[in-house]
Amino acid sequence: LTLLGLALVVWGFVLDEYLYLLLFTVLAGIFLYLGLSRINRLAGRFALIGLSAALLIVALTADLRASMLLALLGAAALNAFLGMNILSPSFATPAARALGAPIAKLGIPGKLARENAGRSPDRTATAASALMIGLALVTAVAVVAASFKATFADVLESAVAADWIVLGDQGGPNSGFSPAVGEGLAELPELAEVLPVQWVQDGFRSLADQDVRTAYSTSLDDVDKHFDLDFVARDDSLLGPTAVLLHENQADDLGVTIGDGVEVEFVDLSSKELTVAGIYSDLAIFDSGWVVSTELWESIDGITAPQDIYITVIEADGVGEETARTAITSVTDDYSQLDASTKDEFQEDQEAQIGQVLTVINVLLFLSVILALLGVAITLALSVFERTREIGLTRAVGATRRQVKRMVRGEGVIVALFGGVLGVGLGVIFGLACVEIIPDDFVGKLAIPWGSLVAYLVIAALAGLIAAYFPARRAAKLNVLEAIATGE
């Protein structure tokens with residue numbers, strides 16, 4: 001079994017397909033656990049966590065495709081969940097005592113709750129495992145989302161010099177609008193610079209490698225006034241209708257540099273040689289890696305020039321925000337689908353959209369947390385049933401119904417916090433790894449939402465309190481004499 005597990009890991013890499021890699025590495029963890037447990041019990045207990053750590057290190061250091069790296073990250077997470085479920089009983093007792101210390105200070109019921117949670121580590125770990133997985137997923141998504149927001153804000157701050165952005169209310173490449181908008185804005189004296197940007201999917205084929213390319217087009221003479229593309233090399237004397245700006249990865253793939261020609265073929269089967277006038281390194285603005293001039297499409301017979309997908313605007317000197325808004329809306333109000341925003345307003349709108357997506361994801365993930373809490377409630381109910389005589393004796397020596405309720409509820413809080421701490425810890429680790437794996441051009445700045453993480457732990461504690469409601473009520477209603485007689 002051990003050898004088979006190792007072979008599955010190797011086989012997953014040999015097949016070089018992310019689905020097989022994900023499946024085989026998860027199966028490998030199970031086989032390694034089963035095999036090593038029979039060779040050495042301690043080695044078996046650490047097999048899944050060890051494989052998870054190895055896969056995580058490979059995902060963070062290997063030079064593989066993004067899909068393969070994400071598959072490795074997913075396999076590492078699944079093995080970590082399984083491994084932590086196996087290992088957590090080993091430290092559940094000290095963890096429960098540490099987490100229950102504040103509760104123990106509330107009185108004897110709190111002390112009993114801490115002792116009850118710690119003296120049955122298997123039961124505590126089992127009840128907390130499902131909650132751990134749910135909160136780990138929620139936390140990982142929160143870290144990635146916060147990092148994406150931070151990256152987006154950083155891009156707007158450092159790479160966008162324009163004051164205003166005009167785009168369709170739907171946003172994206174499919175919300176094009178008439179070039180007449182840009183022409184109208186360019187005539188306004190309140191505006192110093194107006195830069196329309198177009199996007200053409202599968203606009204032409206690169207004859208050097210026969211790949212169909214998607215390109216942005218705009219005024220190459222003015223692009224520097226609105227965006228900082230972080231040029232590696234450039235030659236403004238080469239700018240013209242047939243000039244092209246390439247991302248450094250595209251230039252490396254084609255083996256070209258400044259001044260070289262790139263032969264392309266259009267949908268009408270005509271061809272032109274584009275001259276490389278600049279090589280840039282920042283993909284945040286023009287992520288296709290190809291930027292051509294607007295005049296290129298006009299020079300090709302039979303091809304309709306693409307619509308604008310957004311327009312960036314720079315105010316004239318001395319013009320305030322409200323004056324500029326009035327001038328811009330005098331043009332855009334004739335187009336109901338258009339929205340004009342300052343750079344700060346645009347950032348707020350985009351972050352709100354990210355927040356909406358995050359809310360949907362979190363609602364789905366929190367459903368799993370609710371199901372996990374049902375497991376906590378059932379475990380506590382079984383615990384109360386198993387300790388019927390003990391609870392009866394506790395009542396016999398003076399414990400009130402209210403104190404018994406507090407004892408069971410305290411145990412529920414400790415169990416839920418144990419799962420919450422494990423889940424948030426694992427979620428942060430895998431969230432950070434995901435941010436590291438995603439290309440910097442999409443998520444390049446790390447941000448950890450500490451406030452949200454604390455809120456998740458508070459929610460976990462409150463949820464544990466709620467999950468313990470019915471078990472605590474049942475424990476408090478036990479008949480003392482009947483409870484004492486149980487088990488005799």
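Biologist: Which residues form a nonpolar patch on the surface?
Modeller: Leu-1, Leu-4, Leu-23, Leu-27, Ile-30, Leu-34 and Leu-82 form it, with about 540 Å² of accessible area together. This is a predicted model, where local features need pLDDT of at least 70 and side-chain atom pairs count only at pLDDT 80 or more, while totals for chains, interfaces and linings use all residues. Residues are numbered from 1 along each chain as its sequence is written, and side-chain values use heavy atoms, leaving out hydrogens and water.

Biologist: What counts as a patch?
Modeller: Patches are made of residues with over 30% relative accessible area and no salt bridge; like charges are joined within 9 Å, and nonpolar side chains (Val, Leu, Ile, Met, Phe, Trp, Tyr) within 5 Å. The areas come from the Shrake-Rupley method with a 1.4 Å probe, and for residues only the protein chains shown count as cover. A salt bridge is a side-chain nitrogen of Lys or Arg within 4 Å of a carboxyl oxygen of Asp or Glu.

Biologist: Which helix gives the most to the nonpolar patch?
Modeller: H2, with 4 residues. Helices (H or I, at least four residues) and strands (E, at least two) are DSSP runs, numbered from the N terminus.

Biologist: Where is Leu-27, and why is Leu-27 classed as partly exposed?
Modeller: Leu-27 sits in helix H2. Its relative accessible area is 32%, so Leu-27 is partly exposed. Buried means under 20% relative accessible area, exposed means over 50%, and partly exposed is in between (1.4 Å probe, protein chains only).

Biologist: Switching to charge. Which residues gather in a patch of negative charge?
Modeller: Asp-154, Glu-157, Asp-339, Asp-344, Glu-348 and Asp-349, on the surface. Asp and Glu count as negative and Lys and Arg as positive, with His and the chain ends not counted. The place of a charge is NZ of Lys, CZ of Arg, CG of Asp or CD of Glu.

Biologist: Which helices supply at least two residues each?
Modeller: Helix H7 (121-159) and helix H13 (343-386). H13 has the largest share, 3 residues.

Biologist: And Glu-348, buried or exposed?
Modeller: Glu-348, which is found in helix H13, is exposed at a relative accessible area of 54%.

Biologist: How many salt bridges in the whole structure?
Modeller: A search finds 15. One of them pairs Asp-16 with Arg-65, with 3.3 Å between the closest N and O atoms. That pair links distant parts of the chain, 49 residues apart: Asp-16 is in the loop between helix H1 (2-15) and helix H2 (18-39), and Arg-65 is in the loop between helix H3 (41-61) and helix H4 (66-99). Asp-16 is partly exposed at 38% relative accessibility, and Arg-65 is partly exposed at 39%.

Biologist: What does Arg-387 form a salt bridge with?
Modeller: Glu-390, with the closest N and O atoms 3.7 Å apart, and Glu-411, with those atoms 2.9 Å apart. Arg-387 lies in the loop between H13 and helix H14 (388-396) and Glu-411 in helix H15 (residues 401-437), so this pair ties together parts 24 residues apart in sequence. Salt bridges that share partners join Arg-119, Arg-387, Glu-390 and Glu-411 into one network.

Biologist: Which of Arg-387, Glu-390 and Glu-411 are buried?
Modeller: Arg-387 is buried, with a relative accessible area of 5%, and Glu-411 is buried at 3%. Glu-390 is partly exposed at 29%.

Biologist: Now Ile-285. Where does it lie, and what does it touch?
Modeller: Ile-285 lies in the loop between strand S7 (271-280) and strand S8 (290-293). Not counting residues up to four places away in sequence, Ile-285 touches Val-155, Ala-159, Val-160, Tyr-216, Phe-227, Leu-229 and Tyr-310. Contact means heavy atoms within 4.5 Å. Ile-285 is buried, with a relative accessible area of 12%. Asp-228 is 57 residues from Ile-285 in sequence, and their C-alpha atoms are 8.8 Å apart.

Biologist: Back to H4. What is Arg-97 in contact with?
Modeller: Arg-97, in helix H4, is in contact with Arg-114 and Glu-115, leaving aside neighbours within four places in sequence. Arg-97 is partly exposed at 41% relative accessibility.

Biologist: And Thr-93, buried or exposed?
Modeller: Thr-93 is buried, at 18%. Thr-93 also lies in helix H4 and, with neighbours within four places set aside, is in contact with Gly-118 and Pro-121.
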